[in-house]
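Please read it alongside the structure.

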Amino acid sequence: MTGFHLAQVNIGRILAPLDSPELADFVAQLPEINALADRSPGFVWRMVDDEGEDATGARPDESDDLLLINCSVWESVEALRNFTYHTDHLRVLSRRREWFQRLAEAYQALWWIPAGHRPSIAEAMERVALVREHGPGPTAFTFRAPYPAPARSERV
């Protein structure tokens, strides 16, 4: 145990408003997938908006009502990878093009945080910006280019 957890953020621009018929199936699956995450091995925390169910009311860019954010904390890259690609989450993920625009820039970042820390929207967006501007590195990386957790004595 290193004393660090893995934070993840992904952002996406939905094709229509959340209350539209085009997004109804996506919105209907959110409670199930969030509950699945909450009980998955290695899950620590997920960001929720003021309503407390999910983060669909949070806006990472106040000028863009269609940009959504998902941010969570896990014990390890492996725990997050298992949830993402080896549970029913993959069924929803495989349909993302039905609900989200294809973004030309990086839309995901992973980074190590001290255990107990909860990332803010601003912090999460800064990590996406790091991947966009510099590519994966020890302060912001991706599943394809993961970095190990820092040694206990290192700061992040």
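Accessible areas come from the Shrake-Rupley method with a 1.4 Å probe. On that basis, the accessible surface of the protein is about 8700 Å², and carbon and sulfur atoms hold 51% of that area. The model is predicted.

**Overall fold**
- The protein contains five helices and four strands, arranged along the sequence as β-α-β-β-α-α-α-β-α.
- Its radius of gyration is 15 Å, close to the 15 Å that the globule rule gives for 156 residues, so the protein is as compact as a globular protein of that length.
- Of the 156 residues, 43% count as buried.
- Among contacts with a separation of 6 or more, 74% are between residues 24 or more positions apart.

**Nonpolar cores**
- The largest nonpolar core comprises 24 residues, and L6, F26 and W74 have the most contacts inside it.
- At least two residues of this core come from each of strand 1 (4-13), helix 1 (24-38), strand 3 (67-74), helix 2 (77-86) and strand 4 (108-114).
- Helix 1 supplies the largest share, five residues.
- Apart from this core lies another, of 18 residues, including M47, C71, A124 and V131.
- Leaving aside neighbours within four places in sequence, W74 contacts residues including L6, A37, F43, L80 and F83.

**Helix 2**
- The buried residues in helix 2 are V77, A79, L80, F83 and T84.
- Seen down the helix axis, these residues fall within an arc of 170 degrees, and therefore line one face of helix 2.
- The cover over them includes strand 1, helix 1, strand 3, helix 3 (89-93) and strand 4.

Note on methods:
Residues numbered from 1 in each chain as written. Predicted model: local features only at pLDDT ≥ 70, side-chain atom pairs only at ≥ 80, totals over all residues. Heavy atoms only, no water. Core = buried A, V, L, I, M, F, W, Y, C linked by side-chain atoms within 4.5 Å. Buried < 20%, exposed > 50% of the residue type's maximum accessible area, 1.4 Å probe, protein only. Contact = heavy atoms within 4.5 Å. Arc of directions from axis to C-beta. Rg over C-alpha atoms; globule rule 2.2 N^0.38 Å.
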